[in-house]
Amino acid sequence: MSEDPRLYDGTSGPPPVPDPGSVWVTGGVLFAGVLMLCQGVVAALQGIAALADGDIYGTVGEYLYRFSLTSWGWIHLALGLCAAITGAGLLKGAGWARVTGIVLASLTLFAQFLFLPYAPVWSVLMIGLDIFVIWALSAYRPPAAGAVPR
């Protein structure tokens, strides 16, 4: 029995990679653009609410990463406006928007993690959507110039 053991343990080939031209990936980029646009607007409104009225969010006890609500308001407002602009860029097919979207979704993911005590359900939902946006923008490869569509 000198057969290759890789034939039996499932590692006989390279791991599967997403097809950059598949409907899931290209549709995922479109959906990521819509998500970033909507998330950006909602985050900006969330920031404005935190800046305008501190009673919107409950008080948080001792928390290692606690910031004032004014700080959170500015953070959400800035990230939200940048995300909305990037989402619009993704929908227009701008090349800069992919990398910027990955960076902004990563920053938003960390910000939502730190914001968990203030809005736990919302933050967990946004973290999940940010992970999807990062995947969709990472898996997509724009078609080469002059390439024939499949």
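The model is predicted. Its largest nonpolar core has 20 residues, and a nonpolar patch on the surface is formed by Leu 30, Phe 31, Val 34 and Leu 91.

**Nonpolar core**
- Within the largest nonpolar core, the residues with the most contacts are Met 36, Val 133 and Leu 137.
- Two or more residues of this core come from each of α2 (23-52), α3 (69-92), α4 (96-114) and α5 (120-139).
- Helix α3 gives the largest share of the core, five residues.
- In soluble globular proteins, nonpolar side chains tend to be buried together.

**Val 133 and helix α5**
- Apart from its neighbours within four places in sequence, Val 133 is in contact with Ala 32, Leu 35, Met 36 and Ala 105.
- Helix α5 contains 20 residues. From first C-alpha to last, α5 reaches 29 Å, close to the 28 Å expected at 1.5 Å a residue.
- Val 133 is buried in α5, as are Ser 123, Met 126, Ile 127, Asp 130, Ala 136, Leu 137 and Ala 139.

**Nonpolar surface patch**
- Together, Leu 30, Phe 31, Val 34 and Leu 91 have about 340 Å² of accessible area.
- The largest share of the patch, three residues, is supplied by α2.
- Leu 30, one of the patch residues, is found in helix α2.
- Leu 30 counts as exposed because its relative accessibility is 52%, and the cut-off for exposed is over 50%.

Terms used: Residues are numbered from 1 along each chain as its sequence is written. This is a predicted model: local features need pLDDT of at least 70, side-chain atom pairs count only at pLDDT 80 or more; totals for chains, interfaces and linings use all residues. Side-chain values use heavy atoms; hydrogens and water are left out. A nonpolar core is a set of buried Ala, Val, Leu, Ile, Met, Phe, Trp, Tyr and Cys residues joined through side-chain atoms within 4.5 Å. Buried means under 20% relative accessible area, exposed over 50%, partly exposed in between (1.4 Å probe, protein chains only). Helices (H or I, at least four residues) and strands (E, at least two) are DSSP runs, numbered from the N terminus. Contact means heavy atoms within 4.5 Å. The expected span of a helix is 1.5 Å times one less than its number of residues. Patches are made of residues with over 30% relative accessible area and no salt bridge: like charges are joined within 9 Å, nonpolar side chains (Val, Leu, Ile, Met, Phe, Trp, Tyr) within 5 Å. Accessible areas come from the Shrake-Rupley method with a 1.4 Å probe; for residues, only the protein chains shown count as cover. A salt bridge is a side-chain nitrogen of Lys or Arg within 4 Å of a carboxyl oxygen of Asp or Glu.
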